[in-house]
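Morning, everyone. Please have the viewer open.

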Amino acid sequence: MKTIGIIGTGKMGEALIESIIHLEYRIIGSDVNNKTRQMISQQYGIKMFDDNYELAKNSDIILLAVKPQYIQPVLKEISEFSGLVISIAAGITIRQIKESIPGSRIARVMPNTPCLVGEMAAGYSFSDDATQQDKKIVNELLNTAGVAVQLDENLIDAVTGLSGSGPAFVARLINYFILAGKNSGLSEKTARQLTVQTFLGTAKLLQKKNLSPEELITMVSSPGGTTIEGRKVLEKSDIKEVIDNTVLAAVNKSKELGKNK
Ligand SMILES: NC(=O)c1ccc[n+]([C@@H]2O[C@H](COP(=O)([O-])OP(=O)(O)OC[C@H]3O[C@@H](n4cnc5c(N)ncnc54)[C@H](OP(=O)(O)O)[C@@H]3O)[C@@H](O)[C@H]2O)c1
């Protein structure tokens, strides 16, 4: 059985442990934080290290889940590692990891926050030397934690703008729907319950019935009914352009941050 060593068992590291713990891997972890180490080993029964070098020595696969600003010293500590390194650190490129750990094969992942509830949307890419088995492993691990799509590294900025930053954009829209519900006389609590469930239900309906958004829109728009009346306002507005510009601004910022690396 292969051993996965998770470096950094904070929010994302823990969420990934929770998602993959039932798979056929031995999981170990390391973290600088004493309390986090204790909590993780108690909660999940996994061996925790306070030394990344030791963890790497005991791992076949490393999952890097520390904040990008702390990544450089960690890469130095594990520079002798040879094997598959899966990094979820935002903005850290395959080239940067390869330069620090020359013997490694790399998967770079752009996850998003719903990973915390097992509903991650992620894009990922590999270094050229990644093997078919590496690809199989990464695909299995990530799709257990949600939905993950393999793509070229130059598209990671697009993923960052769409699904990486997306939860904040969607939450903003949800907030506006709640306010609209309140303006129509509902209490905040009721407006919130109904809005969140409407977003969740709509997304599940699209996913589970494999419907396109247009098909769903047609399904719920009876001629002369309430939905069509609302759509007239929505579709006459510049919402399409606003959303397009929102995602584009995030994509461009991701590209700009990448250039400084
Ligand atoms: N959170 C998100 O929604 C999200 C979304 C996309 C991508 N990501 C990526 O996921 C990664 C992890 O983010 P997170 O939100 O899970 O961060 P986090 O909650 O801060 O977890 C990181 C953990 O790593 C520990 N740590 C710091 N330096 C370390 C070192 N040298 N060796 C071992 N452990 C160390 C931290 O301890 P201390 O707390 O004591 O520093 C903390 O327990 C980041 O690279 C981020 O870019 C996160």
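A salt bridge, as I use the term here, is a side-chain nitrogen of Lys or Arg within 4 Å of a carboxyl oxygen of Asp or Glu. Keep in mind that this is a predicted model. With that rule, the count is 9 salt bridges. I will show three of them, starting with Asp134 and Arg105, where the closest N and O atoms are 2.5 Å apart. Is Asp134 buried or exposed? Asp134 is buried, because its relative accessible area is 2% and the cut-off for buried is under 20%. Arg105 has 24%, so Arg105 counts as partly exposed.

The next bridge joins Glu153 to Arg108, with 2.8 Å between the closest N and O atoms. Again distant parts of the chain are linked: Arg108 is in strand β6, while Glu153 is in the loop between β8 (146-150) and α7 (156-164), 45 residues apart. Glu153, at 27%, is partly exposed.

Arg231 and Glu235 meet at 2.7 Å, N to O. Both belong to helix α11, residues 226-236, and they are 4 residues apart, about one turn of the helix. Arg231 is partly exposed, because its relative accessibility is 26%.

Now the overall layout. The protein has 261 residues, of which 39% count as buried. Its secondary structure comes to 12 helices and 8 strands. There is a division into domain 1, residues 3-153, and domain 2, residues 166-258. How far apart do the C-alpha centres of domain 1 and domain 2 lie? The separation of those centres is 33 Å. Along the principal axes, the C-alpha atoms fill a box of roughly 65 × 40 × 30 Å.

On to the rings. There are 2 aromatic pairs by the rule used. Tyr124 and Phe126 are edge-to-face, 5.6 Å centre to centre with 90 degrees between the planes. Both Tyr124 and Phe126 are buried. The other pair is Phe177 and Phe199, and why is that pair called edge-to-face? Their planes are at 85 degrees, with the centres 5.5 Å apart, so the pair is edge-to-face; the cut-off for that class is over 60 degrees. Phe177 sits in helix α8, residues 166-183, and Phe199 in helix α9, residues 188-208, so this pair links distant parts of the chain, 22 residues apart. Phe199 is partly exposed at 25% relative accessible area.

One more ring contact: the charged end of Lys47 sits over the ring of Phe49, 5.0 Å from the ring centre.

Two items remain. Asp60, in the loop between α3 (52-57) and β4 (61-64), is 59 residues from Met1 in sequence and 9.6 Å from Met1 in space, C-alpha to C-alpha. Asp60 is partly exposed, with 37% relative accessible area.

Finally, the surface. Leu205, Met219 and Val220 make a nonpolar patch of about 250 Å². Val220 belongs to helix α10, residues 213-220, and counts as partly exposed at 42% relative accessibility.

Methods. Residues numbered from 1 in each chain as written. Predicted model: local features only at pLDDT ≥ 70, side-chain atom pairs only at ≥ 80, totals over all residues. Heavy atoms only, no water. Patch = residues over 30% accessible without salt bridge, like charges linked within 9 Å, V, L, I, M, F, W, Y side chains within 5 Å. Areas by Shrake-Rupley, 256 points an atom, 1.4 Å probe, with all protein chains shown as cover. Helix = DSSP H or I, 4+ residues; strand = E, 2+ residues; numbered from the N terminus. Buried < 20%, exposed > 50% of the residue type's maximum accessible area, 1.4 Å probe, protein only. Phe/Tyr/Trp six-rings, centres within 6.5 Å; stacked < 30°, edge-to-face > 60°. Lys NZ or Arg CZ within 6 Å of the ring centre and 35° of its normal. Domains from an automatic or database assignment.
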